[in-house]
Amino acid sequence: MRTNYRGVAILIAVLLLLVVFEPSHEAIDEPRYVPDLPIPTHPPCPLGSDCATVHTCSPGPPPEFTTSWISTGSNRMMSSPYTVELTGDGVLDIVVGTGIEGDVTGSIIALDGSNGTLLWETSATGEMFASAQFAHLDGDDTMDVILGGRNHQLLAVSGTNGSIIWQFDSDNNERNQWYQFYTGQFIDDQNQDGVQEWLTSNGGDPTKSPTAPRDNGYLMIISGATGEILAVADTPDGRETYMSPIIFQPHPLMETEILFGTGGETWDGGLWTTSIDDIMTGDITDALRIVDPIPGVAKGVMAPPSITDMTLDGIQDLIVSTFDGRLIALDGRNYSEIWTTDAKEYASDETVTDAESWSSPAIGYFTDDAVPDLFTHYVYGAFPMYTGSTSLLIDGATGEVLWMEETNHTSFTSPLAVNMDGDGRDEVLMIRGAGELFSENEAYIFYNTASILNTCGMNLTNLYTRDYMSIGTPTIADLDSDGDLELIATTTTGYSTSSAAWTVTRMDLNASTPDYLSWAAYLGTNFDGVHESG
């Protein structure tokens with residue numbers, strides 16, 4: 001994300017549906033294999049059908065917690081904590097990035113999940129704000145880590161001790177200028193060396209003012225074993241990119257696609273799809289734009305889409321949050337529009353003309369039926385000046401807003417969706433930040449509040465309130481496989497303070513581990529943008 005110039009950093013369905021709906025986006029007209037699956041009815045799960053009452057519930061008490069440990073450090077922390085087993089003790093550990101943008105410094109740290117002690121820390125020369133991903137890169141039995149951030153920092157490190165396996169070489173001849181690296185994904189081995197490769201995006205220039213001209217960003221495939229650039233491709237519209245690329249395979253019989261976004265806070269762009277093969281050629285000019293910008297609106301697609309089967313036809317669909325305030329459901333069969341909800345239309349203040357989203361929507365089961373539902377945050381205002389936010393719960397079958405709350409908080413973290421009270425319905429965990437953080441005349445107030453929405457009774461309760469900001473999305477997991485859930489959350493000092501500090505806290509919830517975790521971390525439970533369904 002780009003630096004806030006008021007001294008605060010922001011990190012950061014189907015052919016039948018084309019008849020039933022009047023989508024604003026046409027279905028794709030180029031060849032694309034779709035398996036011979038029945039076209040679903042609309043709406044899915046009508047009253048009286050077998051799937052209309054599979055997530056009925058009875059409201060239970062909100063979960064409580066006890067603090068297991070708190071770990072602290074001297075950098076700031078915008079990265080979201082991810083979990084992986086590193087020590088062989090059967091307890092998941094935590095890997096997260098740290099850094100200070102202005103000091104051009106950062107690190108990747110690993111914390112012992114059982115007690116919070118520092119396992120290792122690897123230094124970088126830039127703020128490491130992305131989230132870690134894990135694969136076997138160096139030949140041992142422990143998962144290794146790739147994590148990127150500002151100042152073209154991208155490191156692969158040993159999960160055993162944090163030693164550097166490789167570091168991105170910005171002095172290569174592929175491009176004259178390199179930017180920020182975002183959270184990537186591992187893909188199949190492309191150079192036949194037996195190691196998975198790294199798909200990522202590089203873009204964004206925090207040294208530019210909001211309306212200054214921007215250079216285009218890149219999609220990249222990098223050797224997982226050596227860090228060598230295997231392919232780099234310029235964005236097809238010449239726009240910057242801030243979005244973490246997502247691997248999208250709508251159905252096991254359909255081709256794997258790569259989703260990427262273009263545009264930013266003050267430049268238009270869209271959501272695109274291309275292929276690994278095209279990226280490997282270094283030319284994605286044939287990429288298909290599946291979400292268009294609104295004419296005359298200079299805002300792009302920055303948050304990664306979320307993936308789930310909205311139409312219950314066996315083909316995965318997309319939920320896209322655009323920076324201009326729209327939440328769009330796209331049918332994975334043909335990219336036709338299922339529904340669109342615009343957060344601006346629900347603002348109680350009719351003078352609100354801008355609603356922007358920095359986070360991906362959480363997907364969970366918040367209503368009786370089998371259709372996944374959505375929960376999302378939008379901030380009111382236009383970058384970098386915000387006055388408050390709105391949180392929306394949306395019926396996945398219809399796009400109807402079922403619950404909303406407007407506050408003076410800011411909301412930059414992605415919400416989570418997990419069944420925490422043992423009934424048939426997911427709860428929403430949201431962490432929201434300070435009060436009028438960007439108000440014109442008031443001092444910055446840094447704190448964060450974690451709240452739980454019980455979607456059975458639509459009751460919102462406060463879990464805790466803490467000092468400082470919380471920018472990284474928390475993680476819910478059963479770290480020690482004891483049948484109970486834990487919550488891993490972070491805080492960081494703000495950029496208007498002279499000191500820099502972070503905390504990572506493990507909270508043991510009095511909540512039993514459900515059969516599946518719908519959306520339990522940034523980019524979902526499995527860190528890949530895909531809803532884990534029951």
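## Ground rules

Residues are counted from 1 along each chain as its sequence is written, and side-chain values use heavy atoms, with hydrogens and water left out. Because the model is predicted, local features need pLDDT of at least 70 and side-chain atom pairs count only at pLDDT 80 or more, while totals for chains, interfaces and linings use all residues.

Let's start inside. Buried here means under 20% relative accessible area, exposed means over 50%, and partly exposed is in between (1.4 Å probe, protein chains only).

Take Leu429: setting aside neighbours within four places in sequence, its contacts (heavy atoms within 4.5 Å) include Pro415, Met420, Ile452, Leu463 and Ile476.

The structure holds two disulfides, each a pair of cysteine sulfur atoms within 2.5 Å. One joins Cys45 to Cys51, S to S 2.0 Å. The torsion about its S-S bond is about -125°, so this disulfide is left-handed. Cys45 is buried at 10% relative accessibility, whereas Cys51 is partly exposed at 22%.

The other links Cys57 and Cys456, with sulfur atoms 2.2 Å apart. Here the torsion is about 105°, so the disulfide is right-handed. Cys57 sits in the loop between helix 1 (15-20) and strand 1 (65-73), and Cys456 in the loop between strand 30 (447-454) and strand 31 (459-467), so the bond ties together parts 399 residues apart in sequence. Helices (H or I, at least four residues) and strands (E, at least two) are DSSP runs, numbered from the N terminus.

## Aromatic rings

There are 18 aromatic pairs. Rings of Phe, Tyr and Trp (its six-membered ring) pair if their centres lie within 6.5 Å; planes under 30 degrees apart are stacked, over 60 edge-to-face, and the rest tilted. Phe168 and Phe181 have ring centres 4.9 Å apart and planes at 75°, so they are edge-to-face.

Phe260 and Trp272 are stacked instead, at 6.2 Å centre to centre with 10° between the planes. Phe260 lies in strand 16 (residues 257-261) and Trp272 in strand 17 (residues 271-274), and both are buried.
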